[in-house]
Every structure is written in structure tokens, then in C-alpha cells.
Amino acid sequence: MSKSNNSPAAEAKSEPWWRKAVFYQVYPRSFADSDGDGVGDLGGLRSKLGYLELLGVDALWLSPVMRSPMADGGYDVADPRDIDPLFGGIEMMDALITEAHARQIRVTMDLVPNHTSVEHEWFVEALAAKPDSPERARYIFRDGRGDDGAQPPNNWPSIFGGPAWTRITEADGTPGQWYMHLFAPEQPDLNWDNPDVLDDLDRTLRFWLDRGIDGFRIDVAHGMAKPVDLADMDLTKNELLRLDDDDPRFNNPGVHEIHRNIRKIMDQYPESVAIGEVWVDDNTKFGEYVRPDELHLAFNFRLAQTLFDAEAVRDAIENSIAAVEDVGGTPTWTLSNHDVPREVTRFGDGPEGVARARAMALVELALPGVTFIYNGSELGLPNVDDLPEESLQDPVWERSGHTERGRDSCRVPLPWEGEKPPFGFGPADTSWLPIPAAWSAITVEKQLEDVDSVLSLYRRALELRATRPEFSGTGIDWYGSPPGCLAFRRHGGLICALNATPAPIPLPPGEILLSSVPIDGSRRLPPNAAAWLV
Ligand code: NOJ
């Protein structure tokens, strides 16, 4: 599939399509439900492709839809080469790819190569086999420490809370070895030193690429290699769901050989793209993931962690660009995803949070490189931080002993139409997480009709970004600006100004192309607002 009339071969030689693409992240459980079970699925997504075309995105990233017992929303994969019946099965995926391509929308999907589900046939075989067997060697099994091996092999905690090890009962009923799981116990880590693991990923990559998938988001792309000694770690800095660069569980040097091997396979499909989830702060270490023979792109999460503060935003932008510059990589931008608080809430919630999220959408979409929009950002959805406890499904809730609510608050299903929950999410009158009644004011239906809505702002911004020559060029120059504000100019000519202060500021010279709030003849940019000028 190609947006130009070039043949795929000619296009592959010119600039790859993904270098300035806008990706839309679909969290499938929460997007749209077609079969009335209250859980979103691929049929629901298929029925909304017209909406995504209208929005103007270039590509989709689907969070995992493979066969899974859903201990972590599908990030626990039991069969990486099949689609879970909950999402509609593989025929539905084939139909989705075909229809998305007919609308000039590419389709990428999540791959989870760091771990499998406990229901994956390899893990079932490993449990039935003996210590030191080839079946155990696909995972990270170790004897325990202390008397009778009753203590875990090291002190590593799981990212979701509790130890990163679970002890098994051997087939003969005796207490047995321990296996590693950096995430939930239902997500055993694979042993990437075992060649079977890459061979199997090779099959999986080809399986989907041959079916027309345009690429992959690679889950935990900084975590697949583990240190040989599995030494204890310093626990003083450990926090749930967070890492720092010295954490021995992640970013081990062996990971780069794995990415080079993946790239060799991807290069046989010249238009495909691999995007790594890379939680690495240091710019040099981050850049290593996007060297020309490794990942095509890596998520930079600086903007998704930044509050509404012009200095912090500028710092995030400068560092995200610097991180990939030396290796000739492409910067990536995202304000949120299914793991972090939604930007409206991060920026202060209520009307002020929405105003700031609108402004930051213009900042993000003005930048050179690749943008990822998390489903619901285009509607200005906030987090739902008061979900009833009995509805919470993130494993973090249980693993933290009910002290951390986890990430469900940013995964509430989208409101499509009508006046009452679940707002046309599906044919049933329920949704897997309850949708707040107050979202009746921000349904897709209402926002499509309102020229001042967040959705209308996104549509206009995406259209301009795709069509105006001022969005060309790979660099930006900073303009001088008052404290608490920022302004930069794309090399193609677009100027973006942000006012994060409580007082209006004069705009830089130029014709206003788009602004996050109306601007009157005084040409002053109000507080919590951004504007594009040419
Ligand atoms: C990162 C994913 O984004 C997150 O949702 C998941 O829980 C972990 N990886 C484990 O797969």
C-alpha cells in the first residue's frame, strides 16, 4: 500500500513512509465493541475506520490482539500467531488490514517478545519438564537460595509489585525451581540467549508481515537481554511501574544484538517498521536503539511525562531530538498512552487541563518526526480516577495489595454517541470499565458537529500537517520568548508558540494558521494556549 503513485520499490528508496507519520494507538478493549460483550474488538475498530480516515491519521498501532488469557490486557500472549476470539479471530484481522489499506491507513501491531503467557505451550511444556531440560531453557528458571531453595534466586521486584520470581511445584509434587517474570507471574520472561526464541520470533514476524501488517510496536524493547550473573539490585530507588537507567533488569548491552537480528528480518520487508518501547533516559543509550541496523523508531516518553511547564517542555523537545540526532534517527512524540495518565489530567484536569492539552497537541504536531496519538486524546478525555474498585483489572491493583489503582483510569472506553453510558461503545448497555455520565458532552458525535471541539482542532491540525509545505524539514530553531513561554520555527517555515503563563503574550509576526483558542485582533496569545504561524 502506498499513498503515492510510486511503486513500492521506488518508494522504499525514497524517504520511508514512517519518518513523518502520525500513528493512532488503538487500545482495542476500549475503542469500539461490535459483538455486545462490553469489550472492544477488531469488528468495532473496523466499523470506525471511516472515523480514523476523517481524523487524518496515517497508521494504526494496535495494542495486543493475539491469543491471551488477558492477565495484563493481552500483554500476556499465549499464541503470537493467532488473534484472540475476544477480538474477533484472525479472519477479522485480515479484513481489518484490507479495509484499512483501502483507506490508505497502515496497520501496525504490538509484539511482546520479552515474555509469554503462562498458557503459552512452551511454558506448559517447561512446567512439565525437568530442571536443566531444553523446555526449561526457553525461560529463566533457577534454583532458589537458602535452605531448600525457599528464597527467590535474587532480590529483583516485579514492575507490578511483589517479587520478580515465582516458585513452581515440580511434576512429582515437590517444591521446585523459580521462574523470572519482570511483570506479572502470568508473564514469564523468555531466555533470549536461547536461539529457539529468536527462531520463533522470526516466524511470528514473517507470519504477520506476509498477511500485510506494516510493522510492529515492540513491547519492553529495552528488556529482552538479562545480565549473566542475575546479581541482586539496589532496591532503594525502586518504584512500581518506574525504572532508572542503572536498573539491572533493563537496558543490558545484549539487547542490541537482538534488535540487529530483528532488523535483518524486517529489512526483507522494505516498507515495514519496528518501533521499540524504550524506557531509557540517557540520550546516548537511547540513541543506540535506533542505530541504522537496529530499530527504525523508538518511543521517547519525555513529553508523556512532562507537566504543563514551558521550560520542561522545551527540555523534553531538545533532549528527544538530541537523543536520535547523532545516529541519524527520527524523533518521536507522544503525550500519553495506555500506561500513563492522560494529558488532560496531567495538565490539571477540568477546563484548564483541556485547554492545556489542546495547546500541547499543537506543540506536538508541529514537531519534526513521528507522532503517536493515544485513542481518546483527540477527544480531550481525562483520566477516570474514581473507577469503582470492583471494576479494576490492571494486575497492579492486586499485586500492590490494593495500594496502587494501576492504569485502568486511562483505559476507559471511548464515548461515541448518544446521551447515556456506554455512549454507543457497542450494542450492549455495558462496557468493561464504566464510562462517566459526564462524557455525554464530549462524545464523538457532539464533537464532530462542533467546530471548536478538541476533535475539530485535531482534524484541522492533522490536515495542515499533512498538506502544508511549512511542515517540512527535520530541524527546529528556537526563538527568544518570555519566561514561561516557548516558540520554535520548523526549517520548512512553520512557527509554533506556546503560552504556559497566566497572562496573555504578544504573538511572533506571521499569519495565524491555527490556534488552540480564538485570537482577536490584538494578536495576543491567551494563557494555556498555542498557535501556529507561517
Ligand atoms: C509495556 C506495556 O505498554 C504495558 O502495558 C505492559 O503491562 C508491559 N509492557 C508488560 O508487557
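Glu 417 is partly exposed, with a relative accessible area of 44%. Here buried means under 20% relative accessible area, exposed means over 50%, and partly exposed lies in between, with a 1.4 Å probe and protein chains only. The model is predicted: local features need pLDDT of at least 70, side-chain atom pairs count only at pLDDT 80 or more, and totals for chains, interfaces and linings use all residues. Residues are numbered from 1 along each chain as its sequence is written, and side-chain values use heavy atoms, with hydrogens and water left out.

Glu 417 sits in the loop between α13 (395-399) and α14 (444-449). Helices (H or I, at least four residues) and strands (E, at least two) are DSSP runs, numbered from the N terminus. Together with Glu 445, Glu 449, Asp 450 and Asp 452, Glu 417 forms a negative surface patch. Patches are made of residues with over 30% relative accessible area and no salt bridge; like charges are joined within 9 Å, and nonpolar side chains (Val, Leu, Ile, Met, Phe, Trp, Tyr) within 5 Å. Accessible areas come from the Shrake-Rupley method with a 1.4 Å probe, and for residues only the protein chains shown count as cover. Asp and Glu count as negative, Lys and Arg as positive; His and the chain ends are not counted. The place of a charge is taken as NZ of Lys, CZ of Arg, CG of Asp or CD of Glu.

The loop between α13 and α14 also holds Pro 422. A cis peptide bond joins Pro 421 and Pro 422, with omega about 5°. Backbone angles stand out elsewhere too. Most residues other than glycine have a negative phi, and most peptide bonds are trans. Asn 251 has a positive phi, near 55°, and is not a glycine. Asn 251 lies in the loop between β9 and α8 (255-266). At 16% relative accessibility, Asn 251 is buried. Asp 349, also not a glycine, has a positive phi of about 60°. Its place is the loop between α11 and α12 (350-366). Asp 349 is partly exposed, at 32% relative accessibility.

Salt bridges were counted next. Side chains of opposite charge can pair when their charged atoms come close. A salt bridge is a side-chain nitrogen of Lys or Arg within 4 Å of a carboxyl oxygen of Asp or Glu. The count by this rule is 32 salt bridges. In one of them, Arg 103 pairs with Glu 53, and the closest N and O atoms are 2.7 Å apart. Arg 103 is in the loop between α5 (89-102) and β5 (106-111), while Glu 53 is in helix α4 (residues 49-55); this pair links distant parts of the chain, 50 residues apart. Arg 103 is partly exposed, at 33% relative accessible area. Glu 53 is partly exposed as well, at 40%.

Arg 106 forms a salt bridge with Asp 214, where the closest N and O atoms are 3.9 Å apart. Arg 106 lies in strand β5 and Asp 214 in the loop between α7 (195-210) and β9 (215-218), so the pair ties together parts 108 residues apart in sequence. Both residues, Arg 106 and Asp 214, are buried.

Asp 339 forms a salt bridge with Arg 407, with the closest N and O atoms 3.0 Å apart. Asp 339 lies in the loop between β12 (332-334) and α11 (343-346) and Arg 407 in the loop between α13 and α14, so parts 68 residues apart in sequence are tied together. Arg 407 is buried, at 7% relative accessibility. Salt bridges with shared partners join Asp 72, Asp 339, Asp 394, Arg 407 and Arg 411 into one network.

Contact means heavy atoms within 4.5 Å. Ile 275 is in strand β10 (residues 273-277). Ile 275 is buried, at 0% relative accessibility. Beyond neighbours within four places in sequence, its contacts include Phe 23, Phe 216, Leu 297 and Phe 372. Glu 294 lies in the loop between α9 (283-287) and β11 (297-299). Glu 294 is buried, at 1% relative accessibility. With neighbours within four places left aside, Glu 294 is in contact with residues including His 256, His 259, Arg 260 and Arg 263. Ala 21 is in the loop between α1 (8-13) and β1 (22-26). Ala 21 is buried, with a relative accessible area of 1%.
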